[in-house]
Amino acid sequence: MRIATWNVNSVRARLPRLVPWLQERRPDVLLLQETKCQDEQFPREPIEELGYNVEVFGQKTYNGVAILSKSRITDVQRGMRDEVEDKEARVIAATVDDMMLLSVYVVNGQEVGSDAYKYKLEWLARLRKLMWERYIMTEKVVVAGDFNVTFDDRDVHDPAEWHEQILCSTPEREALLRVMDSGLKDAFRKIHEEGGLYTWWDFRTRAFQRNAGLRIDHFLVSPPAYKACTVAEIDVEARKGQGASDHAPVVIEVA
DNA sequence: ATGGTGGATTTTCCA
């Protein structure tokens, strides 16, 4: 099964890039983040016409996640559904075939030490708890999306520039590793040991032209899915040209 | 230290 994740930075704005990408790449599943629209505004029809089932969890203006799948989507869960009130649409979970899937859009955090940063660390702790309480790691579990955290300096184009900055700070990296202590592993790193492979390039500094990127979009997968993972790639082509998102899609193949 | 670009909604917030 081919599974992709893509922070599209508005599904409505990205539709002219998303539809041809789906036609060309034909993943079995696509997990979307930053759809940036309410559920009734989601452009379901052009995606359903390509043969995809669509499950969405959105809100006005910000955030928003979705699952597209050629196979039937069951057991859809929207939000963390824990004891904390959550006004933001950042996680949708479902089952497709023998796989438990989550599309997550982790809090950005703005700046180390800010209120948003504290919220980010708390949000990651809640995601960790969710993985321990609701998932069985002897099953195939795939948690993918925009984690807004690099694992280590291989994921950073200029480690000195980004040292202890947002997306790269030690507390964020430790919180990401704690999300995985139920047994999840970084599927991309199974296939690619080398650094210099990025999934996000800042619009503001025209970072893509300089390949000044970070790897912050990840596939965290349970041991059976990790073992079955044979391919992992970043579709840098999709980041090129007019009307691209600031993130590239990441695709894995799980036997 | 600042601002650069892009999207949604609205002259500002978020990334």
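The legends below describe close-up views of a predicted model of a protein with DNA strand B. Because the model is predicted, local features need pLDDT of at least 70 and side-chain atom pairs count only at pLDDT 80 or more, whereas totals for chains, interfaces and linings use all residues. Residues are numbered from 1 along each chain as its sequence is written, chains are lettered from A and ligands numbered from 1 in the order in which they are written, and side-chain values use heavy atoms, with hydrogens and water left out.

**View 1. The surroundings of DNA strand B.** DNA strand B is surrounded by 16 residues, the closest being Ser10, Thr61, Phe203, Arg204 and Arg206, where a residue is near a strand if one of its heavy atoms lies within 4 Å of it. Of the atoms of DNA strand B that come within 4 Å of the protein, 70% belong to sugar and phosphate. Helix 1 (residues 11–25) contributes the most to this surface, with three residues; helices (H or I, at least four residues) and strands (E, at least two) are DSSP runs, numbered from the N terminus. By class, the surface near DNA strand B comprises four nonpolar, six polar and six charged residues, with Ala, Val, Leu, Ile, Met, Phe, Trp, Tyr, Cys and Pro counted as nonpolar, Asp, Glu, Lys and Arg as charged, and the others, Gly among them, as polar.

**View 2. Side chains that approach DNA strand B.** For Tyr62, an N or O atom in the side chain is 3.3 Å from a base oxygen of DNA strand B.

**View 3. The largest pocket.** The largest pocket has a volume of about 820 Å³ and is lined by 32 residues, of which Tyr105, Asn108, Gly109, Gln110 and Arg204 lie nearest its centre. Helix 3 (115–134) and helix 4 (159–162) are the elements that give two or more residues to the lining, which divides into twelve nonpolar, nine polar and eleven charged residues. On a 1 Å grid over the protein atoms alone, a pocket is an open set of points where a 1.4 Å probe fits, with protein on both sides within 12 Å along at least five of seven lines, and lining residues have an atom within 4 Å of a point. Grid points are joined across faces, edges and corners, and the volume is the space filled by probe spheres set on the points.

**View 4. Two residues with positive phi.** Most residues other than glycine have a negative phi. Thr61, in the loop between strand 3 (53–57) and strand 4 (65–69), has a positive phi of about 75° and counts as partly exposed at 41% relative accessibility. Leu167, in the loop between helix 4 and helix 5 (170–179), has a positive phi of about 85° but is buried, with a relative accessible area of 3%; buried means under 20% relative accessible area, exposed over 50%, and partly exposed in between (1.4 Å probe, protein chains only).

**View 5. Arg126 and Asp86.** Arg126 belongs to helix 3 and counts as buried at 10% relative accessibility. Its side chain is joined to that of Asp86 by a polar contact of 3.4 Å, a polar contact being a pair of N or O atoms within 3.5 Å; within protein, one must be able to donate a hydrogen and the other to accept it, and residues adjacent in sequence count only if both atoms are side-chain atoms.
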